Amino acid sequence: MKNIFLFLFTLIIGNSFAQAPKGFTAMKDTTAFKSKMEAQSKLTTTMESDFTQEKYLSVMSENIISKGHFCFKKTNMLRWEYLTPYTYMIVINKDKMFIKDNGKVNKYDINSNKMFKSINEMMVATVQGNLLNSKDYKPKFYESDKFYLIELTPVQKATKDFLKNILLYINKNDYAVEKVKMTEPSDDYTSIDFSNRKTNQPIADEKFTVK
Amino acid sequence: MRNLLLSSFIAIFLTSCTLGHYGRLKKTDNDLPSSPASIFGDNFNSFLFKTNITVYGKDFSGLLVTKQMSPEDYRVIFTTELGMKLFDFEFKDTSFTLHYCVPQFNKPKLLKTIQEDIRILLMNDLKGKSFQKLADPKGSYTIYRKEEGSFSDYYFIETATKQLVKIEHSKKQLKKVIFALSNYQNNFPNNVMIKHYNIKLKIELNLLKK
């Protein structure tokens, strides 16, 4: 009888506390981690990297894979460019956003559109890893021997409708974001892996203008 | 003078909207099958398109994926380049299920129009439908005509290549939508352009992978 109670108790407790993702345990010192992340972010003036984006749709047999390159420069300048299998570019320069598609350039005022504003915040925060300071997401902290893992769950209902959570995989050695995984309520997801990262190398301002 | 202007305007309007070839098409008995075949075949394949939708001057771009789930069941999903899902449609025989749609697209008229365009392009609900097989005077095309109520659909098969190059969706002999399929490679068009004549809507599909 005692065993049944113990079993039920474990079952209830086990379900009410979120399980750490496979291979990860709860982070021991979140304060130290946050201050290290912040310090690293302050030290970073420019960043560029290749990326591979993988889109998983449960009904499809194969993932959609696209590859590209991004450049970031403080403050708030970002060039996010897909190179294969299609060309498409988003450039954020302060409060302006440009989209180049099919040789056509569209220019937007970020502040004029709520959606663009949140795209901007999310993209810049993703490459810098400082989405964990956002009031719009509730963070959970995990770690493995190689990575810190931050699970961000949206707070706003409007975001919850299309986003279940964001996982940020951060390298324990240099505090760089190595992988981002955005999961939709349907469990379809988009994951982005970064490679060939360069930090604090000069990047010309021209990279953030579009003609 | 005013009447002349008005009648000229009406004449121009009518000629630009009317399908000029209706009267000149003759029944044919060539060796092509009795109904047109879908470009998506019957192999449960998936197709990936870079897609641009222009509606009343607003541009939406992204990736459109089609996947045949069972012989008459197709799933069609549209995502942004960044991976955000915009809509998720399922076409099964003559029924339709909306699995997901972002608020920006969730306008009944727009959604219904895009749904209808994709249904026509998929051609998955043509089994058991009757077609008239016609030919133009020059013999350049075999044209399949399907009539349902006040709507007619015309499927143009190029005689030389036996490829589906155009679909016209019309209402009471006025063209509503034209689907132009071009740049065929391995029996599949690399480009599909869907143009509406009664509303400002254009959908462009460029094949990335099949």
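Start at B:Tyr155, which stands opposite B:Ile167 in strand S10 of chain B. Strands here are DSSP runs (E, at least two residues) and helices are DSSP runs too (H or I, at least four residues), both numbered from the N terminus. Before going on, note that this is a predicted model: local features need pLDDT of at least 70, side-chain atom pairs count only at pLDDT 80 or more, and totals for chains, interfaces and linings use all residues. Residues are numbered from 1 along each chain as its sequence is written, while chains are lettered from A and ligands numbered from 1 in the order in which they are written.

**Stop 1**

Select residues 151–158 of chain B, strand S9. Six of its eight residues are buried. A residue is buried if 20 or more other C-beta atoms lie within 10 Å of its own, exposed if 12 or fewer, and partly exposed in between, with C-beta atoms placed from the backbone.

Strands pair if DSSP finds at least two bridges between them. Five residues separate S9(B) and S10(B) in their hairpin. In that turn, B:Lys162 has a positive phi of about 60°.

The hairpin of S8(B) and S9(B) has two residues between the strands. B:Gly149 in this hairpin takes a positive phi near 60°.

**Stop 2: B:Met123**

Select B:Met123, in the loop between helix H2 (108–122) and strand S7 (132–135) of chain B. Phi is positive here, about 55°, although B:Met123 is not a glycine. Is B:Met123 buried or exposed? B:Met123 counts as buried because it has 20 C-beta neighbours inside 10 Å.

**Stop 3: where the chains meet**

Show both chains. 21 residues of chain B are in contact with 21 residues of chain A. Contact means that the C-beta atoms, placed from the backbone, lie within 7 Å. On chain B, strands S2 (46–55), S3 (58–70), S4 (73–79) and S13 (201–209) each supply at least two residues of the side that touches chain A. S3(B) gives the largest share, six residues. That side of chain B divides into nine nonpolar, five polar and seven charged residues. Nonpolar covers Ala, Val, Leu, Ile, Met, Phe, Trp, Tyr, Cys and Pro; charged covers Asp, Glu, Lys and Arg; the others, Gly among them, are polar.

**Stop 4: the sheet of chain A**

In chain A, 12 strands form an open sheet in the order S1-S8-S9-S10-S11-S12-S2-S3-S4-S5-S6-S7, with antiparallel pairing. The edge strands are S1 (25–26) and S7 (104–109), each pairing on one side only. Select S9(A) (147–154) and S10(A) (165–171), which pair over six bridges. There, A:Leu149 stands opposite A:Tyr169.

**Stop 5: backbone details in chain A**

Select A:Thr75, in the loop between strands S3 (64–73) and S4 (77–84). The peptide bond from A:Lys74 to A:Thr75 is cis, with omega near -5°. Move to A:Pro85, in the loop between S4 and S5 (88–93) of chain A. The bond from A:Thr84 to A:Pro85 is also cis, with omega near 5°.

Next, pick A:Asn196 in strand S12 (189–199) of chain A. Its phi is near 50°, positive in a residue other than glycine. A:Asn196 counts as exposed because it has 9 C-beta neighbours inside 10 Å.

**Stop 6: confidence in chain A**

The average is 85, and 84% of the residues score at least 70. Finish at residues 8–17, where pLDDT stays under 50 and the model has zero contacts beyond four places in sequence.

Notes. Two residues are in contact if their C-beta atoms, placed from the backbone, lie within 7 Å. pLDDT is the predictor's confidence in each residue, from 0 to 100.
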